[in-house]
2 protein chains.
Amino acid sequence: MNYCSNCGSKVSREIPEGDNRHRFVCANCDEIHYHNPNIVVGCVTSWEGRVLLCRRAIEPRVGFWTMPSGYLEIGESTEQGAARESAEEAGIDVQIGNLLSLVSIPQIGQIHMIYLGQLNTPEFLAGEESLEVKFFSENEIPWDDLAFPTVRLALEHFFADRSRGEFTLHSEVIRRPETGSNKQ
Amino acid sequence: MNYCSNCGSKVSREIPEGDNRHRFVCANCDEIHYHNPNIVVGCVTSWEGRVLLCRRAIEPRVGFWTMPSGYLEIGESTEQGAARESAEEAGIDVQIGNLLSLVSIPQIGQIHMIYLGQLNTPEFLAGEESLEVKFFSENEIPWDDLAFPTVRLALEHFFADRSRGEFTLHSEVIRRPETGSNKQ
């Protein structure tokens with residue numbers, strides 16, 4: 001951040017009065033600009049025992065596999081965001097269930113929330129951000145070609161919980177993302 | 001947003017190519033400015049059966065009661081954020097447990113995540129944002145003087161789950177916040 005988005009003046013980085021963190025502050029209009037973590041929502045959708053994955057058509061990690069996921073938008077609930085991303089990236093009409101995986105990635109300011117999803121109809125279609133969309137049984141999952149560590153975590157929890165017969169929320173922190181920016 | 005935070009030029013509101021939502025876009029440097037929901041983290045901390053609440057010293061809702069909570073910062077996990085807010089507002093050293101309440105408030109772009117907390121020591125101290133800090137048994141809770149609908153939801157779930165003998169995650173959407181901006 002170089003300029004105040006409110007008045008267009010140069011901003012400086014300082015600790016505002018009553019705060020204990022550096023923020024971008026405008027000396028002209030007194031605006032304090034906060035930057036906070038973003039939420040990535042997605043879901044592990046299954047159909048007759050198989051799990052839907054998309055092969056990414058966009059950077060980062062083009063050609064690698066992920067469940068449908070992306071940034072939550074203002075105006076939607078976390079469940080709505082997960083359903084929208086699934087519709088956009090995989091063309092599916094999914095019913096969002098319980099939260100399966102909650103992962104904080106402090107270094108890049110992201111919180112990932114991956115839900116369980118059930119298909120209403122077995123129709124799917126690769127969206128603009130996907131090269132292809134495919135259903136995988138557990139032993140077909142392309143573990144070495146997953147796009148992000150968060151994808152692996154969610155899939156591992158999904159299959160472990162399914163074999164236990166009970167799905168629960170798994171809450172974790174990734175301290176050092178293994179793959180670049182981890183942007184989705 | 002009026003000016004580009006990158007180059008200081010005037011921004012316009014349009015739908016970027018490949019997108020389906022209006023964003024603030026800079027015609028000079030091509031920067032697209034995304035605004036996404038914020039996360040509010042907090043926790044319901046109990047000590048010997050009583051629950052800790054803070055009476056707010058700041059707007060909005062000065063004088064009303066809330067559990068410690070506030071915006072998640074970049075660089076921390078959701079659990080760390082909940083512990084930090086508890087330390088800042090109530091001076092407590094809390095051990096963060098399971099996620100109790102997840103509330104989406106789409107209209108104001110907020111996602112609230114309220115954890116269960118256990119005190120390590122029964123010491124507390126009202127922080128700068130609190131007029132007072134107090135422990136309440138279930139029948140002492142000031143239900144009519146709670147600061148936000150999310151506070152009521154988390155407390156209701158806490159006491160209902162405790163009497164059932166099992167805490168679970170409660171996921172909800174507030175479509176129309178009852179109290180103003182609901183900013184915390």
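Domain bounds, as used here, come from an automatic or database domain assignment. On that basis, chain A of this predicted model divides into domain 1, covering residues 1-35, and domain 2, covering residues 38-173. The C-alpha centres of these two domains of chain A lie 36 Å apart. Taken along the principal axes, the C-alpha atoms of chain A fill a box of roughly 60 × 30 × 30 Å.

The chain holds two helices and 11 strands, and from the N terminus on its elements follow the order β-β-β-β-β-β-β-α-β-β-β-α-β. Of the 184 residues in chain A, 39% are buried. Among contacts in chain A between residues at least 6 apart in sequence, 64% join residues at least 24 apart.

Lys10(A) sits in the segment before strand S1 (11-14) of chain A, and it counts as exposed because it has 11 C-beta neighbours inside 10 Å; the cut-off for an exposed residue is 12 or fewer. Once neighbours within four places in sequence are left aside, Lys10(A) is in contact with Asn2(A) and Tyr3(A). Val25(A) is 15 residues from Lys10(A) along the chain, and the C-alpha atoms of the two are separated by 8.9 Å.

Four bridges join S1(B) to strand S2 (residues 23-26) of chain B in the antiparallel sense. Within this pairing, Ser12(B) has Val25(B) of S2(B) as its bridge partner.

Attention now turns to the nonpolar interior. In soluble globular proteins, nonpolar side chains tend to be buried together. The largest nonpolar core in this model has 76 residues, and those touching the most other members are Cys43(A), Val44(A), Tyr115(A), Cys43(B), Val44(B) and Tyr115(B). For Val44(A), not counting residues up to four places away in sequence, the residues touched are Val51(A), Met67(A), Leu100(A), Ile114(A), Leu116(A), Gly117(A), Ala154(A), Leu155(A) and Phe158(A).

The two chains also meet each other directly. Their contact takes 33 residues from chain A and 33 residues from chain B. On the side of chain B that touches chain A, strand S4 (38-47), strand S8 (94-105) and strand S11 (170-173) of chain B each supply at least two residues. S8(B) gives the largest share of that side, with three residues. By residue class, the side of chain B that touches chain A comprises 15 nonpolar, 14 polar and four charged residues.

The same surface serves both copies, as 100% of the contact residues of chain B recur in chain A.

Note on methods
Residues are numbered from 1 along each chain as its sequence is written. Chains are lettered from A and ligands numbered from 1 in the order in which they are written. This is a predicted model: local features need pLDDT of at least 70, side-chain atom pairs count only at pLDDT 80 or more; totals for chains, interfaces and linings use all residues. Two residues are in contact if their C-beta atoms, placed from the backbone, lie within 7 Å. Ala, Val, Leu, Ile, Met, Phe, Trp, Tyr, Cys and Pro count as nonpolar, Asp, Glu, Lys and Arg as charged, and the others, Gly among them, as polar. Two strands pair if DSSP finds at least two bridges between them. A nonpolar core is a set of buried Ala, Val, Leu, Ile, Met, Phe, Trp, Tyr and Cys residues joined through C-beta atoms within 7 Å. A residue is buried if 20 or more other C-beta atoms lie within 10 Å of its own, exposed if 12 or fewer, and partly exposed in between; C-beta atoms are placed from the backbone.
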